[in-house]
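These are my notebook entries on one structure, kept in the order in which I looked things up.

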Amino acid sequence: MSSPSPAPSDPGPGARQLARGITATWWYTVTAVLFIELMLVGAWTGIAVALDLSGMALVVVGVGGIAWTASTLPLLIDYRHRVDAGPGVAWPRLLVPVLVALGYGAGAGALVGSWQLAAMPVVQVLVLLSWPRGIRVRVVVVATVVLVALALVDSAMAFAAGVPWWVPVIYGAMLPGMTVSSLWWWDVLVTLDRARASEARLAATQERLRVATDVHDLQGHHLQVIALQLELAERLLPTDPGAGMEQLRAARASVDDARQGTRDLATRFRSVPLGDELANARDLLEAAGLTVDARIHPDADAAPAADLGPVIRETTTNVLRHGRGGHARLVLDRTADAWRYEVANDADPASEDGAGGSGLDGVRRRIGEAGGTFEQRRVADEFLVTVTVPAEAAR
């Protein structure tokens, strides 16, 4: 027995939109099949009323035909679920539709005197089953031949009712083909949706594999170097402590390089377009009750997100922790050769500089490494942080 699959995660908007589209197409398919059946019931009811003016024909052929059409709806719904489970015939679930089809065909066929009408409900039930592909084609061909042959047998009755003989022949030829073509369209749509889902899962798997490979290569290289440096330090310390200590310092530097490389790798894979970063910051501040004035350059996504993204996150946290909670201003603009980001908020009088903690010191250091400038100051009742980074900074 296979283990239960994990609960699916919440789908994104695109997936939900596709799911709604598939559902709408399914109900379009159901409506098309039921419409074909009702058209045939209507045509046969007209013929029956022309032959029998007592009203019995209207009840048996018309009302009975509506009941038979309703009995095929469970078959269609069952077909939808069987498509997911693969082809096959669930015979126990066919009992009620088959009995209704046999009863309607026998009663309506005997009343009208039509072999085609007697066979049509049962043939339609067989066509609606989820046959394997090769068998389905044979069922459709046999069903079409049977209905057309019975229409020719009934041709004398059709002429007596004032209906040209070719009308029942056309109906008999079209019913299986139109029904199966509707179901075939649904099968194609399900196949395409499965392919889309498989492609998405494959892309996610490939991305995870790429991340795992990069982490393995990065950590494997640094760990090998660290192991060699420590081994060398172990050998040198008894005889040459100075050289041994040098190798220990080199190993520590390698550890720092590994940590920084891991952080850079994680930042690269977690990078978010800068426009989204600013929108998230604005929404977060507004949710905290601040009045936010955001002025964002139209080409914000072209700004170096690797450098400015951490600045936006840290300054937003700083506003929430150390501001007075009244208002904030976010500005991202571009000059001739640099991007300029400014965040301002109403300063807390209890704080001398309007800031707190060492988070901004880390931002200052990071921006300096990127070749930019960092400035924080208090102007009147506002605390401002201004950051500039070169436009050609690595993204």
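I listed the buried residues of α9 as L274, G275, E277, L278, A279, A281 and L285, where buried means under 20% relative accessible area, exposed over 50% and partly exposed in between, with a 1.4 Å probe and protein chains only. I note at once that this is a predicted model, in which local features need pLDDT of at least 70 and side-chain atom pairs count only at pLDDT 80 or more, while totals for chains, interfaces and linings use all residues. Residues are numbered from 1 along each chain as its sequence is written, and side-chain values use heavy atoms, with hydrogens and water left out. The names of helices (H or I, at least four residues) and strands (E, at least two) follow DSSP runs, numbered from the N terminus. I then asked what covers the buried residues of α9. The cover includes β1, α10, β2 and β3, with contact meaning heavy atoms within 4.5 Å.

I checked the length of α9 as well: its 14 residues should span 20 Å at 1.5 Å a residue, and its end C-alpha atoms are 20 Å apart, which agrees. The expected span is 1.5 Å times one less than the number of residues. Just after α9, I found G289 with a positive phi of about 100 degrees.

Helix α10 covers residues 305-322, and its 18 residues reach 25 Å from first C-alpha to last, close to the 26 Å expected at 1.5 Å a residue. I recorded its buried residues as A305, D307, L308, G309, P310, V311, I312, T315, T316, N318 and V319. At what angle do α9 and α10 pack? The angle is about 5 degrees, with the axes 10 Å apart; axes are lines fitted to C-alpha atoms, for helices over the stretch in contact, and angles run from 0 to 180 degrees between N-to-C directions. The two helices, α9 and α10, are therefore roughly parallel to each other, on a scale where angles under 35 degrees count as roughly parallel, over 145 as roughly antiparallel, 65 to 115 as roughly perpendicular and the rest as oblique. Where they meet, I saw L274, E277, L278, A281, L284 and L285 in α9 against A305, L308, G309, I312, R313, T316, V319 and L320 in α10.

I traced an open sheet of five strands in the order β1-β2-β3-β5-β4, with mixed pairing, two strands being paired if DSSP finds at least two bridges between them. Strands β1 (291-296) and β4 stand at the edges with a single partner strand each, so one side of each is left without a neighbour in the sheet. From one strand to the next, the twist averages 10 degrees. Helix α10 packs on this sheet, touching β2, β3 and β5, and its direction makes about 5 degrees with that of β3. Helix α9 lies across β1, β2 (323-334) and β3 (338-347), running at about 165 degrees to β2.

With β3 it pairs in the antiparallel sense over nine bridges, and in β5 the bridge partner of Y341 is V387. On β4 (residues 373-379), I counted seven bridges to β5 (residues 382-390), the two strands again running antiparallel. Among the bridge partners, R377 has L384, R378 has F383 and T373 has T388. A hairpin is formed by β4 and β5 with two residues between them, and A380 in the turn has a positive phi of about 55 degrees.

The axes of α3 (residues 95-112) and α4 (residues 115-127) come within 6 Å and cross at roughly 160 degrees. That makes α3 roughly antiparallel to α4. I noted their crossing as right-handed, the term for a near helix turned clockwise from the far one by less than a right angle, with anticlockwise being left-handed. The loop between α2 (56-85) and α3 holds L94, which counts as buried at 5% relative accessibility.

I counted eleven helices and five strands, and of the 395 residues 37% count as buried.
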